[in-house]
4 protein chains.
Amino acid sequence: MKALVYRGPGKKQLEEMPKPTLRDSTDAVVRMIKTTICGTDLHILKGDLPTVAPGRILGHEGVGIIDEVGAGVSRFHKGDHVLISCITACGKCEYCRRGMPSHCEQGGWILGNAIDGTQAEFVRIPFADTSLYLIPENAEEDAMVMLSDILPTGYECGVLNGCVKPGDAVAIIGAGPVGLAALLTTQLYAPATLIVIDLDDNRLIVAKQFGATEVINSTDGKVVEKVMFLTAGKGVDVAIEAVGVAATFGLCQEIIGAGGRIANVGVHGTSVTLHLEKLWSQNITITTRLVDAVTTPLLLKTVMAGKLKPNQLITHHFALDDILKAYDTFGNAGREHALKVIVTNQ
Amino acid sequence: MKALVYRGPGKKQLEEMPKPTLRDSTDAVVRMIKTTICGTDLHILKGDLPTVAPGRILGHEGVGIIDEVGAGVSRFHKGDHVLISCITACGKCEYCRRGMPSHCEQGGWILGNAIDGTQAEFVRIPFADTSLYLIPENAEEDAMVMLSDILPTGYECGVLNGCVKPGDAVAIIGAGPVGLAALLTTQLYAPATLIVIDLDDNRLIVAKQFGATEVINSTDGKVVEKVMFLTAGKGVDVAIEAVGVAATFGLCQEIIGAGGRIANVGVHGTSVTLHLEKLWSQNITITTRLVDAVTTPLLLKTVMAGKLKPNQLITHHFALDDILKAYDTFGNAGREHALKVIVTNQ
Amino acid sequence: MKALVYRGPGKKQLEEMPKPTLRDSTDAVVRMIKTTICGTDLHILKGDLPTVAPGRILGHEGVGIIDEVGAGVSRFHKGDHVLISCITACGKCEYCRRGMPSHCEQGGWILGNAIDGTQAEFVRIPFADTSLYLIPENAEEDAMVMLSDILPTGYECGVLNGCVKPGDAVAIIGAGPVGLAALLTTQLYAPATLIVIDLDDNRLIVAKQFGATEVINSTDGKVVEKVMFLTAGKGVDVAIEAVGVAATFGLCQEIIGAGGRIANVGVHGTSVTLHLEKLWSQNITITTRLVDAVTTPLLLKTVMAGKLKPNQLITHHFALDDILKAYDTFGNAGREHALKVIVTNQ
Amino acid sequence: MKALVYRGPGKKQLEEMPKPTLRDSTDAVVRMIKTTICGTDLHILKGDLPTVAPGRILGHEGVGIIDEVGAGVSRFHKGDHVLISCITACGKCEYCRRGMPSHCEQGGWILGNAIDGTQAEFVRIPFADTSLYLIPENAEEDAMVMLSDILPTGYECGVLNGCVKPGDAVAIIGAGPVGLAALLTTQLYAPATLIVIDLDDNRLIVAKQFGATEVINSTDGKVVEKVMFLTAGKGVDVAIEAVGVAATFGLCQEIIGAGGRIANVGVHGTSVTLHLEKLWSQNITITTRLVDAVTTPLLLKTVMAGKLKPNQLITHHFALDDILKAYDTFGNAGREHALKVIVTNQ
């Protein structure tokens, strides 16, 4: 079968690989219909995740049709139309039972990382019963792909950890795909002020279209002043960090109001400075989270009810044969005005 | 001054009454601009609340301009444009400090009940600093009147107590003003299925316009069956009782799903049957609440942000001189297609 | 093997039955070491649960040694020393993943009910990976038996649903085993006032020994008055109903304070009267729950740390051969001063 | 009257000062009976809080008798025996009404800081109705002094923000008075493992006496290893930082388990390094808080019920005339084996 294979830092190829087979009785093999590319895939290609071995098929998102199930799979059958969660959950370990499968003892984020992933014609899904979701009839496949990772990530790590509530002033720092996913899902809670901050005016235009009440380009160094003006000098109730660098985490600390919450979504490569000399007395909460994808059923219901429109996040479509072009487009998101790209296996 | 005075069961008059004066240093006197009539006022007139003495000026909602403040009032000044909360909060007692001023040792719901109310040219407001809210510039006065009681009631007793969350299936039983207030504020949390149940088709048409995804006329006795169909046989996550009779509370028990919540909003005059022989094992929660009106600041922000449009609840306008007509209209809500009426003191 | 078999209303026998075998790959067969008798077993014997078919082996509590596991069991092995949960959890269905396995689509309370139970030499446990717990070294087996059902029931249905917090005034109505389990686990949260109410002075003496700060015999009809005296006229913060009849649920309604919580633990056979005409405005919460046994790991840790001493609940020991005597003793708990009895399979 | 006066960095004197008088109608003047010294007082004396002006009477804790109340004080009277909260709450501003009076627009921590404090024969208490608590009959005065600041600080900033629950593994870093206050109040929630870490063996002996299940002297550099051993390699559920330096906050980050909470209690003078490159994916929560002292009623009830014994924290007693000696003792806490000192105004 065709698959996008990581061949060491900077190297990837669309190659012919053996079709995966069942290894454990709880596995399923899924024939992929659609997948997408994640910012994390770009990190892997840069060599930032040394645990990903060359030869690995990338990808941890997508929808498909079940091709085969092991004897221990009871909830899915050959032919089922399924959504693949980016988080593989054994459903049995302490972490899974605490609702934190991101730290599953045997699973977690392993697809396209510790095991072969979804950017291929077929993929093996361990613990299928607790790692797949049946796609409702009438669902739009492209929208479903957004439920594999990006929407649960924005929602769980940003919105739920931020405890956004109606009437709040919320700032989202970073208007890339994951910041925009937080922007879409934040609106499930009717905040009054929804500020998006980025360096790129094009992204801010998109943020405005997606529901931001205010957008701020932070290049002029006046972003703190502007946020304070918009919040009557109090700072925001919730700051969602969706970039992953020290400067943006620092910005969150400057704009957070007393009693507020900083929800980190960004993947950080270096430590940051925490200004406890100022914040120790400010009654703030800082959260981190690797997505658990436990809210997929909830988000699926909001999508099916039309309360959340994930298709807004999709800007480009490619065939699996053209996945290298898809990577080029997604890798040059600024120039290409790309958000999420759909890669279809016909 | 003119005032609507309760003169015993079935009797009310628009009378000339003495203008209220400051009694305690924490009082304010407010010149009323707009008020409204509550279902509770009708209950008083029926004689259902024997604690309301004849001679009492009715009304516990409205907006106005501060005419005078006592020496102990520090947050408001003569001339301030204010919203009057239906709940008077001393701000000091155990209940106020627990966030439950509905049970304030010296306040609670006393306006138009234990003390004279707002259906008059002037009203005395005890504990003004903690019982009034400054109206923002650009606010629409009619909308503000809805924040005195009906919106906090629907929101706190129905939506917050029901813990509505995105994707939920919610049923609201009763499409009168308070049920519709719950309907509007439930949508701050993006439920997927929002069923409104009533006996009156006109009200159900309104409910549909206000955002119900499904409406059911319960006259045919098939409401349980219909709700079960809409929820794939599981029952609803949240049932909001907004009528106040045994039959509707009974219906909530029939349609609630395992793990669900029944939030009672209705004012009940008699006991009801609780089917613990069925529900003891269903992991359900039942809540009751007299509105605390502690979410008024939150709701005010959602209204100012355009996320909540209270004007939808207003169907009729009257001058204070015509308040008896206003009562007629409101008292015959079905025939008049009336929801909330605004009574203006020019 | 020997087993206690239900033979229709009023009839039970210690019989020779076939040893259970694995049916599904996720099953384990456990050789029982110790079990106990639950109040529910008595209900079954009275014929109150018509779904329990004659021929059923009773019992849903106990500890043992794994004798055999199916191919799909990954977390347990032959020879493991295990605690059997009264709730069988598939770990995959919507309810299990919501943390509510009491309503598991394939499990829930099925042992000694829909399938054969633990009052036998061997028992088959479906979904072993998510329905058994490894017993730590140094654990006392008798204590572990109390973790199968009674302690999670008192804790989840009573204490957690009651949201007991330090300083609270808590009343427990009913000092039978389950009320006493609530009494023990309530003390994990340091309530200030802990009132136990019962009709039997012997049980109240036990309650006092178990940590009640006040005990009230309710036979004289002055219980409401006494509770009000003990709570300065405010009523209790939490009332835990551990009897299951209309009168005791009624008592909870009379003694609950404004803003309080009534946590129902009792199994009710008939409906009760809910005084909404009084309670609609009292900001109270009523909860019901079939134990989910999701807190077993938490309780296990508190037992191992010596913060909870379940052995206090055990009054009698019997051999499996004498289980009919054990039933006699437990069935005449008042006369025998019995709480929980341990039945050992040597 | 006599008072301990700050006279600039390093300088303090017991001086004759004018007796305070009522300034606002909401003030009370309290004749002090007992006060104590806080670590913050030592910080002020070092000159670390430049906002404290020379000439300021220090102290923000204590009990006394009301000498005089303003016309606007309704809940207290001359002669009342009262506990003074370290947090002055107006009861009216947004922050007070959100339950966060630490950030009260007119109050907060102002005693012995922005206004004269309690280390004197008399003190003026603004907003007396919402900043004082009536002392119950039979209460022990020394214990009450611990409720002014140190117990609410340990409880709110450490235990509540840490969300300690039964069965948890909790580490408290720092066994000074505030760490020990967290240690005492953590036990209201029955954690299974309660590790206290400090550099001073004497303090660790005290910690053990106060209920620590494990104590670790961190001088040998093996503290992380030891904590991991005690927690089966998982790290703690809750880490409470009660020192206020970068190294101890760093330690919290090393020992916190996935899904855990770091509750900062310490007052920090410099920024710290936050290892987001490791923690971004660990689902942790970090909290900061200036005590709000909103749990004083709850703690008072637990003290009166004997569930919390604050006297354990008191090691020395002095007369107000000897307050300079009291400062010497408290300032050399290690050498003097001092925890909290009581200063009595006879």
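Trainee: How many residues of chain B are in contact with chain D, and what makes them count as being in contact?

Mentor: Twelve residues of chain B are in contact with twelve residues of chain D. Contact means heavy atoms within 4.5 Å. The model is predicted: local features need pLDDT of at least 70 and side-chain atom pairs count only at pLDDT 80 or more, while totals for chains, interfaces and linings use all residues. Residues are numbered from 1 along each chain as its sequence is written, chains are lettered from A in the order in which they are written, and side-chain values use heavy atoms, with hydrogens and water left out.

Trainee: What makes the pair B:Lys92 and D:Asp129 a salt bridge?

Mentor: A salt bridge is a side-chain nitrogen of Lys or Arg within 4 Å of a carboxyl oxygen of Asp or Glu. The N to O value for B:Lys92 and D:Asp129 is 2.4 Å, so the pair meets the rule. Across the interface of chain B and chain D, the rule finds four salt bridges.

Trainee: Why is the pair B:Arg75 and D:Glu105 also called a salt bridge?

Mentor: The value here is 3.6 Å, N to O, and the limit is 4 Å, so the name applies. B:Arg75 is partly exposed, with a relative accessible area of 31%; D:Glu105 is partly exposed as well, at 46%.

Trainee: Why is B:Asp67 called buried, whereas B:Lys19 is called partly exposed?

Mentor: Buried means under 20% relative accessible area, exposed over 50%, and partly exposed in between (1.4 Å probe, protein chains only). B:Asp67 has 18% and therefore counts as buried. B:Lys19 has 39% and therefore counts as partly exposed.

Trainee: How do you know that the copies meet through the same surface?

Mentor: Of the interface residues of chain B, 100% are also interface residues in chain D, so the copies meet through the same surface.
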